[in-house]
Amino acid sequence: MSRRALVVACTAIYIFLMLPLLVVFPISLSSAAYMQFPPPGLSWQWYERFIDDPQWVDATVRSLYVGVATAILALALGVPLSFSLVRGRFAGRWLVDRIALAPLIVPTIILSIAVYGMFAKLKLIGEWYGLVIAHTVLALPFVVLVMSAGLRDFDRGLEQAAEGLGASRPRTLLRITLPLMRPSLVSAGLLAFISSFDELVVALFLAGPNMTLPKKMFDNILMEIDPTIAAVSVMQILLVSIVLVLIGRFGRGLKSAGR
Amino acid sequence: MFSRMSGRLLGIAPAVPALIVLFVFFLYPVVRMLGYSIEGGTFEWYAKALGEGLYLQVFLNTFEIAFWVTAICLVLGYPLGFLLATTTPGWATLGFIFVLLPLWTSVLVRTYAWMVLLGRNGVFNRAMLEAGLISDPIPMLNNFSGVLIGMVHVLLPYMVLPIYGAVRRVDPSLVSAAEGLGASNARIFRRVYLPLTLPGIFAGAVIVFVLSLGFYITPALLGGGRVIMVAVMIEQQVHQTLNWPFAAALSASLLVVTLAIYALAQRFTRSSEAA
C-alpha cells in the first residue's frame, strides 16, 4: 500500500471515529421539536431545558461530586499502593499486582451485581458513598497504571541527595518525591474522575432512585429520545476535551491515557 | 538483617489500605456471588446456562460478535496505528487527539449519536433517501450490524494504541536495509513490519476480544432487544427475574472464559518473548 492510500484510508477511519462526536453539535442547537437533521433552525432551547429541569441538574451535580470523591479516594489508596508495587520487595508482590489490576479484567457487569447483592443487604443502595466505593474499585487500576509508570521513570538519585543532606524520609517524600510526581498525580486523578463520571453499569445497580448523569441519559435514551440529550452530549464532549487538555498541559503522557 | 526485615515490612504496608478495600468490596462480594451458583451442592444452574439451547445460543452470539468486532478493529486499527507511528511528531499529536477524544467520550454519548446517525429516520437513511439511492430506509439499528458498528467505535482505540507501540519499536534501520536491497513496500510490510508487530496485534486483539465479551451498554441500546449478549442476559436475570443462582452461574461462566483467554495470551506472549 502506498503512503497516499494509507493516508486516504486513515482519513476515512478518522471520519468514522469523529462523526458521532460531531453530529450531536448541530442537533443540540436545533429549533425543531424533535430529532431532525439537518436542523431547520438554530436555538438554545435544549440547553435551556437541561438547566430548567431539576432532574438533569441534580443528576449532573451528583455525578460531579461522586466523581471528585472517587478521584480523591482512588488517589489516597492507589498512590501508596503504587509505591509498594514499584519499590516494595516482599513476597507475593506479583499477587498484589494482579489483584490491583483485576477490576480492569473482570467484566463490570459481574462486579456490579456482586456489589449490588452485598449493598442491598447493607441498605447502601441509593447512597452516594456506596457508589463512590464501587467506583473507586474500578478507578484504582488506572491510578496504579499511571503512577507505576511515573515511579519507574523517577530518578531516585534526587531522593538519595535529599536524605544525604539530612532530610527525613517523610520530608523527602513531601518536598521531593510527590512534587516531582505531580504530572502523574494530575493524570491519575483526572482519569479516575472521568472513569466515575462516565460510569453507567455500576450506577444502574447501586444508584437506586437517585440518578447519576449517565443513568439519567440511559433512561432518557430508552424512553423519549429528545435533543436534550444532544445538548448534554455536547457538554460532556467539551468537558472531556478540557480534561484532555489539562492532562496534556499539566499531566504526564497523553499517550498513557489509554484506558 | 534487621534493616532487611524492616525494609520488607515497609514494602507491603502502603498497599494495605487499598488491599483491604479491594478484598472487602471486590474479591469477597464477587466470590460470594459466584458461590450462589452452586448453593445446595447442585450444578443444575450450570447445566441450564450451558446446556439449554436458548442460553447457549446467547454465549455463541456473544463470541460471534466479539470475533467480528475484533476482526474489524484489526483491519481499521492497523493502518491507523501504523500511520501514527510513522508520521511526523506534529501530525502524530493531532492524530492522537482524535483517537483519545472518542476514547474518553462517554459510551452513552457515542451510542446515542449512532442512534441518530443509523436510525430509520436517521441522518444516513434520510440522506440516501433524498439522494434517491434507496427507496426504503435500510435497517441499520436494532440488529447485528448496529451493535457491531457501535462496539467497533468504542473498542477501536484499544487496538490502535498497542499497534502504535509495536510499530514504534520496529528498528528503522531494518526498513532502510530492506529498501536498499530493493524490496517493494508490500514486501517490506510483509517481511519486516508484520512479523515484528505481531505481539502488538496480538495484545490489541486479546484486549478487544475480552472487553467485547463483557459488553453491556452498546448491545442493550443498539441491539433493540434483538441482539442479546451475555452481560445483557446477566442484568436481566438480576433485575427482572431475580434469579440469583442462574445469574451467578452465567457470571462464573463468563469470568472463566475471560480469565482463560488472558492466561493463554500471557503464556503465548511469554513463550514468544523467550524464543
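Which residues does Met229(B) touch, not counting residues up to four places away in sequence?

Tutor: Start with a caution: this is a predicted model. Met229(B) touches Val58(B), Asn61(B), Thr62(B), Ile65(B), Phe215(B) and Pro219(B), leaving out residues up to four places away in sequence. As for its place, Met229(B) sits in the loop between helix 11 (217-222) and helix 12 (230-239) of chain B. Met229(B) has 28 C-beta neighbours inside 10 Å, so Met229(B) counts as buried. Tyr216(B) is 13 residues from Met229(B) in sequence, and the two C-alpha atoms are 7.6 Å apart in space.

Now follow chain B past helix 12. Leu242(B) lies in the loop between helix 12 and helix 13 (244-274). Here the count goes the other way. Leu242(B) has 9 C-beta neighbours inside 10 Å, so Leu242(B) counts as exposed. Its backbone deserves a look too. Leu242(B) has a positive phi of about 55 degrees, although it is not a glycine.

Find Lys123(A) in the loop between helix 5 (108-121) and helix 6 (128-152) of chain A. Lys123(A) counts as exposed because it has 9 C-beta neighbours inside 10 Å.

Next, step back to chain B as a whole. Chain B has 13 helices and 0 strands. Of its 275 residues, 41% are buried. The C-alpha atoms fill a box of roughly 80 × 70 × 30 Å along the principal axes. The radius of gyration of chain B is 24 Å, whereas a compact globule of 275 residues would be near 19 Å.

For the model, ipTM is 0.89 and pTM is 0.89.

Then look at where the chains meet. In chain B, 61 residues are in contact with 70 residues of chain A. Helix 2 (residues 16-35) gives the most to this side of chain B, with 10 residues. By type, the side of chain B that touches chain A divides into 48 nonpolar, 9 polar and 4 charged residues.

Helix 2 of chain B has a feature of its own. The helix bends by about 40 degrees at Phe23(B). Its buried residues are Ala18(B), Leu22(B), Phe25(B), Phe26(B), Pro29(B), Val30(B) and Met33(B).

Now turn to the nonpolar core. The largest one has 154 residues. Those with the most contacts inside it are Ile113(A), Val143(A), Ala192(A), Leu206(A), Leu155(B) and Val208(B). Take Leu155(B) in chain B. Beyond its neighbours within four places in sequence, Leu155(B) is in contact with Val69(B), Cys73(B), Val208(B), Leu211(B) and Ser212(B).

Ala74(A) is buried because 31 other C-beta atoms lie within 10 Å. Leaving out residues up to four places away in sequence, Ala74(A) touches Thr136(A), Ala139(A), Leu140(A), Val143(A) and Ala192(A). Val144(A) is 70 residues from Ala74(A) in sequence, yet their C-alpha atoms are 9.3 Å apart.

Finish with chain A overall. It comes to 12 helices and 0 strands. Of its 259 residues, 44% count as buried. Its C-alpha trace spans about 70 × 60 × 35 Å along the principal axes. Among contacts in chain A with a separation of 6 or more, residues 24 or more positions apart account for 76%.

How values were computed. Residues numbered from 1 in each chain as written. Chains lettered and ligands numbered in written order. Predicted model: local features only at pLDDT ≥ 70, side-chain atom pairs only at ≥ 80, totals over all residues. Contact = placed C-beta atoms within 7 Å. Helix = DSSP H or I, 4+ residues; strand = E, 2+ residues; numbered from the N terminus. Nonpolar A, V, L, I, M, F, W, Y, C, P; charged D, E, K, R; others polar. Bend = angle between axes of the 7 residues up to and from the residue. Buried ≥ 20, exposed ≤ 12 C-beta atoms within 10 Å, placed from the backbone. Core = buried A, V, L, I, M, F, W, Y, C linked by C-beta atoms within 7 Å. Rg over C-alpha atoms; globule rule 2.2 N^0.38 Å.
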